[in-house]
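Please look over the model shown below before reading the report.

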2 protein chains.
Amino acid sequence: MSTQQRLFRETDEEARGLALHLLRNARFGALGVICPDTGAPMVSRVSVATDAAGHPVSLMSDLSLHTQAIARNPACSLLVGEPGLRGDPLIHPRLTLHCTAEATSKKALKPLYLSQHPKAALYFDFSDFRVYRLTVSGAHLNGGFGKAFHLTPDDLGLI
Amino acid sequence: MSTQQRLFRETDEEARGLALHLLRNARFGALGVICPDTGAPMVSRVSVATDAAGHPVSLMSDLSLHTQAIARNPACSLLVGEPGLRGDPLIHPRLTLHCTAEATSKKALKPLYLSQHPKAALYFDFSDFRVYRLTVSGAHLNGGFGKAFHLTPDDLGLI
């Protein structure tokens, strides 16, 4: 049995439910991309909503460094599950998603996005903003110390 | 003048002060690393403190996927500046740090780390935990819409 097999628990209904809760309730997250200039990782804050199929989507400006990075390499990772400002943040559950970013229809997503981000109505229609779908290929959940799980798109109800 | 030059403002005392405030007050952050298996970015939550020189440090378990990733490739990125759970998170200032991770003396850092993370006394001495220094090579500050700045280590008072 490898270290990874010992480290991760068998994914159960509780883990699936917690992961789905974190994803569905995320309003922002930390997006990791590959910096085109250096090949190093780069993490930025992005808005997060979920589309009708349950995948995360984000409204991003063409001017942002992360938008320019995913134009070159769409492989990215999104961390959701915000701890707030009290207590030990490492005890708060969080979900790391492995994703591929792709620009999607801004018009089709507008009602759904604005229902989750009403204040974004101020800039949603700006011409440099696009909606990106972050198609999830896998995830891992950290439910607190010693509670780590691998999840498939199927575990998250994603088709 | 390139898009990047137009996008970023000239770094001033206010930007330096805000960036330093975000770094010095961070107790956790989102760490982006390169996944050894796929070469894709991977973002996890980590604890954050600052060492005597002002660089971020983190207490990480050998069992964590991000620790295994930086053992293979120490290039990483740390996002700090937590918005809390109210208001538009994209208006809240945040700082993206470009770093190189290196294991450092756990014993030397213990008093400083525990002064910033008293609850970590429960597991600081566990044999699988090490302290990593995230040496900062550059940063960018997003102080809210249209307020982006590049910063050097010198801007952050880092030598």
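The report that follows takes up the fold of one chain and then the arrangement and contact of the two copies.

## Fold of chain A

In this predicted model, chain A holds 4 helices and 9 strands, and their order along the sequence is α-β-α-β-β-β-β-α-β-β-α-β-β. The radius of gyration of chain A is 16 Å, close to the 15 Å that the globule rule gives for 159 residues, and chain A is therefore as compact as a globular protein of that length.

The C-alpha trace of chain A spans about 50 × 35 × 35 Å along its principal axes. Of the 159 residues in chain A, 42% are buried, and among the contacts in chain A with a separation of 6 or more, 65% are between residues 24 or more positions apart.

## Relation of the two copies

## Contact between chains A and B

Chain B and chain A each bring 32 residues to the contact. On the side of chain B that touches chain A, the elements giving two or more residues are helix 1 (3–7), strand 2 (28–34), strand 3 (41–47), strand 6 (75–80) and strand 7 (94–104) of chain B; the largest share, 6 residues, comes from strand 3 of chain B. By class, this side of chain B has 18 nonpolar, 8 polar and 6 charged residues.

Because 100% of the interface residues of chain B are also interface residues in chain A, the copies meet through the same surface.

Technical notes:
Residues numbered from 1 in each chain as written. Chains lettered and ligands numbered in written order. Predicted model: local features only at pLDDT ≥ 70, side-chain atom pairs only at ≥ 80, totals over all residues. Contact = placed C-beta atoms within 7 Å. Nonpolar A, V, L, I, M, F, W, Y, C, P; charged D, E, K, R; others polar. Rg over C-alpha atoms; globule rule 2.2 N^0.38 Å. Buried ≥ 20, exposed ≤ 12 C-beta atoms within 10 Å, placed from the backbone.
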